Amino acid sequence: MSAELPRTYDPHAAADRIYAQWESGGAFRPDPAAKGQPYSIVMPPPNVTGSLHMGHALNHTLQDVLIRYKRMDGYDALWVPGMDHAGIATQWVVERQLRAQGIERRDLGRDEFVARVWDWKQESGGQIQHQLRRLGVSCDWQRDRFTMDEGLSRAVRDVFVRMYKEGLIYRAERLINWDPVGMTALSDLEVEAEEDFQTEIWSFAYPLADPVPGPDGSLVEEIVVATTRPETMLGDTAIAVHPDDPRYQHLIGKMVRHPITGREFAIVADAILVDPEFGSGAVKVTPAHDFNDFEVGKRHKLPMINILNLDGTLNEMAGPFEGMTVDEARVAVKARLAELGLDRGAQPHTMALPRSQRSGAVVEPMISTQWFVHMKPLARPALAAVENGFTRFVPKQWENTYFAWMRDIKDWCISRQLWWGHQIPAWYDEDGTVYVAHSEEAVRTEHGLGPDVVLTQDPDVLDTWFSSALWPFSTLGWPDQTADLARYYPTSVLVTGFDIIFFWVARMIFSGIHQMGAVPFKDVYIHALVRDKDGQKMSKTKGNVVDPVAVIDQIGADAFRFTLVSMAAQGRDVLWNPARAEGYVKFQNKIWQAFRFTMMHLQDYDPAAPRTLSAYDQWILARLGQAVRRVRVALDGYRFNEVASEIYQFTWSELCDWYLELSKGTLYSKDEGQAAQAARQGARHTLLTCFDALVRLFHPVMPFLSEEIWRALPTLDGADRGTVMTAAFPQAGDFPEDAVALDQVALIQETIVALRRIRADMEIAPKLEITLRAADPAILQRHHQALRDLARVGAIQAGGREGPCATAVVRGIDIYIPLQGLVDVDAERARLNKELKKSMKDIGSLEKRLGNPGFTSRAPADVVAGFASKLDAARARQVRLAQALASLG
């Protein structure tokens, strides 16, 4: 059989062939007849404009591990895929293409532009779904959803209308974040801070309309304020001071004159805004262009003067600066105030500059009429759901992030000035009266409006996250009460990154509770970021971006997935290391070679033939049961790195390094006696049993390799295998503990390790056989074959120390290895003395370095840990050398 198997595993050929067979055969569809409960996941929908990045690869690999595990474990497992229409991002992609052709979207008109976007989506969108197939994801592609498809669009309209009628959605004039390049409103979460932005804080004087005497009797003619944005003084409508600041109490209520526009406005007292210890203690107030100032404006009923056009240039309210950009006006305003003698100097200043997450433009706070969601009533039950354990965050510390945001939540601005997206289902008559319904026809019916009443639909679209918030139930058919919705909602787990806890997780929770009366998922597993091997965030500017598709091209999906899973420790970023990935390619090849070895020995396997299991057979089956138990516990606890570690350690260290070597004596034996034949059948049966279970155990992580082996492996009962995807996940109880076998083999393993160490320490040639002595050698003699094969042990004798001997203590048994004839005792004694002195010198050098605070406090932690590890190894070697020297007498 092994002759028919290729010498090496080809991950690319296997993946292409197997995935196509899985998909065409309906292997990804749920099984309502499954004996277990429903288990469902909704895929975080990647943007239609997107391509696979390392974060996607990690996220979807972990989801696939879970869904494959549960599918094999008898659950009715459903994984719903889909894509997000990505309003701003998609509109910009198409606009750029049109501009390359010399076309502006406004020249086309809305309907034609939206039609062009749909054309682009059909031709170029969804590249990521092809890439996800290459990763091996087993979602039900027949249930693929798109946030702009008709079913989800109906759900969006339904929710908007319901929440408007409930008073939870309203339209109001508010200060919002404005993107002057994208020319749209942004929610707080769509604004990113450019940290450590270097600018200046500039001071200037406002002249008092009427100078007044100060506390010391001198005439006060001005009040000095400071700002990082001098151009906004064109929209100032007050100066605020602290009511308890003695420097300004006599000025409260007095008027200042705007030095450029001539407007007069008051000096007001405001204890909330003003810190008397900061700057001059007086603060300019621009209610239409600063969020804190907006609140001051509401408290003191100040005028709101907007000085900006939608494109970020200054409007007619800026007087002589109309038409300038913000940067141009900043320079011009400073120059004009300096000409008037009002410049009072500047100081360097570091600040966080708000930028649009999408366009990168500096965000301008601006007064605008927008649509909002009233969040406080929705946040309360969403908070309680997590506090009371209806939804659980893993790791648990992410609950604190969720709580902090939900407890201080602000109303959500949901309208966007775009054309691509869900157009707001609101209509206006010529008087500006607003009507909200599912359609214009519904508006006319509900409000008795005839065809003579002209209605115009609101041109804005909804924030992309509004439709995404409905994803867990809209993808299952809501608002229709479908069978899928009844069976698979609430979903079982959401796997996502911490960066969208606010954007998406929180919004799905309050939307699910409000619309469905139940949380949308029971668990939220938050994975970390994928960074480069040095811990740096991947970015194009740093040139450290890793393309997962290129990695799959290089090493295959199985090794790539195993690497990601092995690094996915809770609460710790994934540091992508190509060397580690290459290590798992070797692991993949190790599995394949062990499989070929197994198949070679199964040629003469007869499942009906008599068989006896050796201690090694019983040991590996017991260890397999322990590995299965630990893998199950790790999977159930979302400890993915432990899943990979357990599979790796069992496969490489126990199955390959120990069991295959221990079984070779039996498998290659030429003895045709009845007992020997039964022992060989026992070893063959154990090999088949181990691989049958092992392939099922690692299938969720390495799907293609496992399927390739599964199809070639004989069955234990002769039945048709089918696909490993639907084979039963191993149960620990299938492999009972065997304490005697575990103890015996552990003794033999430790003996072999001790003998190999003695050989290395005393430089005994590998080809030389050694003799073993022990007071009671019976158990060692029972395993003489293994000791001969793995440690070149010749005779095993009863006895103790006689002459120069190397010694070891294994599980309380004193073992002696006579050295006469193996080594030149005098020369070995001299060599060991020399090695011991060198070891002591090395230890002294390492202790000196680690005892130097200058080194331990300045060197990177991993470097310090490396030296500490070297010190431990040097000390252990010193002990062994001393023992070896003592054994020579």
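Reader: What is the handedness of the crossing of α21 and α26?

Author: In this predicted model, the crossing of α21 and α26 is right-handed. The axes of helix α21 (residues 640-667) and helix α26 (residues 784-791) cross at roughly 115° and come within 9 Å.

Reader: Which residues of α21 and α26 meet there?

Author: On the side of α21 they are W658, E661, L662 and G665, and on the side of α26 they are Q785, A786, D789 and L790.

Reader: Why is Q749 called buried?

Author: The relative accessibility of Q749 is 15%. Buried means under 20%, so Q749 at 15% counts as buried.

Reader: What makes the pair of Y69 and F729 edge-to-face?

Author: The angle between the planes of Y69 and F729 is 70°. Planes over 60 degrees apart count as edge-to-face, so the value of 70° places Y69 and F729 in that class. Their centres are 4.9 Å apart, and pairing requires centres within 6.5 Å. The structure holds 39 aromatic pairs.

Reader: Why does the pair of Y69 and F729 tie together parts that are apart in sequence?

Author: Y69 lies in helix α2 (residues 54-72), whereas F729 lies in the loop between α23 (703-712) and α24 (739-761), so the pair joins parts 660 residues apart in sequence. Y69 is buried at 1% relative accessibility, and F729 is buried at 2%.

Reader: Why is the pair of F393 and Y402 called tilted?

Author: The planes of F393 and Y402 are 40° apart, with 5.3 Å from centre to centre. Stacked planes are under 30 degrees apart and edge-to-face planes over 60, so an angle of 40° leaves the class called tilted. F393 is buried, with 2% relative accessibility, and Y402 is buried, with 1%.

Reader: Which residues form one aromatic cluster?

Author: The cluster is formed by F160, Y164, W371, W412, F466 and F510.

Reader: How do you know that A728 is partly exposed?

Author: A728 has a relative accessibility of 47%. Partly exposed covers the range between the 20% limit for buried and the 50% limit for exposed, so A728 at 47% belongs there. A728 is placed in the loop between α23 and α24. Apart from neighbours within four places in sequence, A728 is in contact with M72 and R696. The C-alpha atoms of A728 and K70 are separated by 9.7 Å, although these residues are 658 residues apart along the chain.

Reader: Why is D196 called exposed?

Author: Exposed means over 50% relative accessible area, and D196 has 58%, so D196 counts as exposed. D196 lies in strand β7 (residues 191-213). It has a positive phi of about 60° although it is not a glycine.

Reader: What makes E763 exposed?

Author: E763 has a relative accessible area of 55%, which is over 50%, so E763 is exposed. E763 is found in the loop between α24 and β26 (770-774), and E763 has a positive phi of about 50° although it is not a glycine.

Reader: How do you know that the charged end of K121 sits over the ring of F146?

Author: The distance from the charged end of K121 to the ring centre of F146 is 4.4 Å. The limit for a charge over a ring is 6 Å, together with an angle within 35 degrees of the ring normal. K870 likewise lies over the face of F867, at 4.9 Å from the ring centre.

Reader: Which residues touch the most other members of the largest nonpolar core?

Author: They are F560 and W576, in a core of 161 residues. Not counting residues up to four places away in sequence, F560 touches M54, A57, L135, P548, V551, I552, I555 and W576. A second, separate core has 59 residues, including L78, V161, Y402 and V519.

Reader: Where is the cis peptide bond with omega near -5°?

Author: That bond runs from V394 to P395. P395 is found in the loop between β15 (392-394) and α11 (398-407).

Terms used:
Residues are numbered from 1 along each chain as its sequence is written. This is a predicted model: local features need pLDDT of at least 70, side-chain atom pairs count only at pLDDT 80 or more; totals for chains, interfaces and linings use all residues. Side-chain values use heavy atoms; hydrogens and water are left out. Rings of Phe, Tyr and Trp (its six-membered ring) pair if their centres lie within 6.5 Å; planes under 30 degrees apart count as stacked, over 60 as edge-to-face and the rest as tilted. Helices (H or I, at least four residues) and strands (E, at least two) are DSSP runs, numbered from the N terminus. Buried means under 20% relative accessible area, exposed over 50%, partly exposed in between (1.4 Å probe, protein chains only). A nonpolar core is a set of buried Ala, Val, Leu, Ile, Met, Phe, Trp, Tyr and Cys residues joined through side-chain atoms within 4.5 Å. Contact means heavy atoms within 4.5 Å. Axes are lines fitted to C-alpha atoms, for helices over the stretch in contact, and angles run from 0 to 180 degrees between N-to-C directions. A crossing is left-handed if the near helix is turned anticlockwise from the far one by less than a right angle, and right-handed if clockwise.
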